Amino acid sequence: MDIASVEGRVPLAYYASDNATKHAIIGLDAALIQELRLSGADGIKVSTVLPWVVDTPFWDHTANHSGGTPCIYTVDGAAEVVDAIVWDTIHPRKEHAVG
């Protein structure tokens, strides 16, 4: 299981490098799923969890170049993300968008 982000599917302006890394994780997992299928390894599952912005103390300490504070309207609770990870360990699926 890998943790990427919704940003891997919905890119945001000014987050190009972050968007690219999240997209790379999604692409890696998609390729692994195909390789496992072609090799007949049906017992191995690959799942990608896609949280949005997670409500953690990170946002209390972040800043931007204009000196402002982040303005985030939608956040996933940390417990929601943990629940998604636990759920996918039991019921793996290709992608699991949180929230």
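Which residues of H1 are buried? In this helix, Asn19, Lys22, Ile26, Asp29 and Leu36 are buried, where buried means under 20% relative accessible area, exposed over 50%, and partly exposed in between (1.4 Å probe, protein chains only). The model is a predicted one, in which local features need pLDDT of at least 70 and side-chain atom pairs count only at pLDDT 80 or more, while totals for chains, interfaces and linings use all residues. Residues are numbered from 1 along each chain as its sequence is written, and side-chain values use heavy atoms, with hydrogens and water left out.

Helices (H or I, at least four residues) and strands (E, at least two) are DSSP runs, numbered from the N terminus. Of the 99 residues in the protein, 24% are buried. Contacts are heavy atoms within 4.5 Å; among those between residues at least 6 apart in sequence, 52% join residues at least 24 apart. The protein exposes about 6800 Å², and carbon and sulfur atoms supply 61% of this area. Accessible areas come from the Shrake-Rupley method with a 1.4 Å probe, and for residues only the protein chains shown count as cover.

H1 has 24 residues and reaches 34 Å from its first C-alpha to its last, close to the 34 Å expected at 1.5 Å a residue; the expected span is 1.5 Å times one less than the number of residues. The buried residues of H1 pack against S1, strand S2 (48-50) and strand S5 (95-97). Just after H1, Gly40 takes a positive phi of about 80°.

Ser5 counts as buried because its relative accessible area is 6%. Not counting residues up to four places away in sequence, Ser5 touches Lys22, Ile26, Val49, Leu50 and Pro51. A polar atom of the Ser5 side chain also lies 3.1 Å from the backbone nitrogen of Glu7. Such a polar contact is a pair of N or O atoms within 3.5 Å; within protein, one must be able to donate a hydrogen and the other to accept it, and residues adjacent in sequence count only if both atoms are side-chain atoms.

Gly8 is found in the loop between S1 and H1 as well, and at 8% relative accessibility Gly8 counts as buried. The C-alpha atoms of Gly8 and Asn19 are separated by 5.4 Å, with the two residues 11 apart along the chain. Leaving aside neighbours within four places in sequence, Gly8 is in contact with Asn19, Lys22, His23 and Ile26.

Tyr14 lies in the loop between S1 and H1 too, but this residue is exposed, with a relative accessible area of 85%. Tyr14 has a positive phi of about 70° although it is not a glycine. Most residues other than glycine have a negative phi. Together with Leu12 and Tyr15, Tyr14 makes a nonpolar surface patch of about 390 Å². Patches are made of residues with over 30% relative accessible area and no salt bridge: like charges are joined within 9 Å, nonpolar side chains (Val, Leu, Ile, Met, Phe, Trp, Tyr) within 5 Å.

The structure holds 3 salt bridges, each defined as a side-chain nitrogen of Lys or Arg within 4 Å of a carboxyl oxygen of Asp or Glu. One of them joins the side chains of Glu95 and Arg9 (2.4 Å, N to O). This pair links distant parts of the chain, with Glu95 in strand S5 and Arg9 in the loop between S1 and H1, 86 residues apart. Glu95 is partly exposed at a relative accessible area of 26%, and Arg9 is partly exposed at 45%.

Another salt bridge brings together the side chains of Asp18 and Lys22 (3.7 Å, N to O). Asp18 and Lys22 are separated by about one helical turn because they are 4 residues apart in helix H1. Asp18 is partly exposed, with a relative accessible area of 26%, whereas Lys22 is among the buried residues of H1. In the salt bridge between Arg93 and Asp88, the closest N and O atoms are 3.8 Å apart. Arg93 counts as partly exposed at 39% relative accessibility, while Asp88 is buried, with a relative accessible area of 1%.
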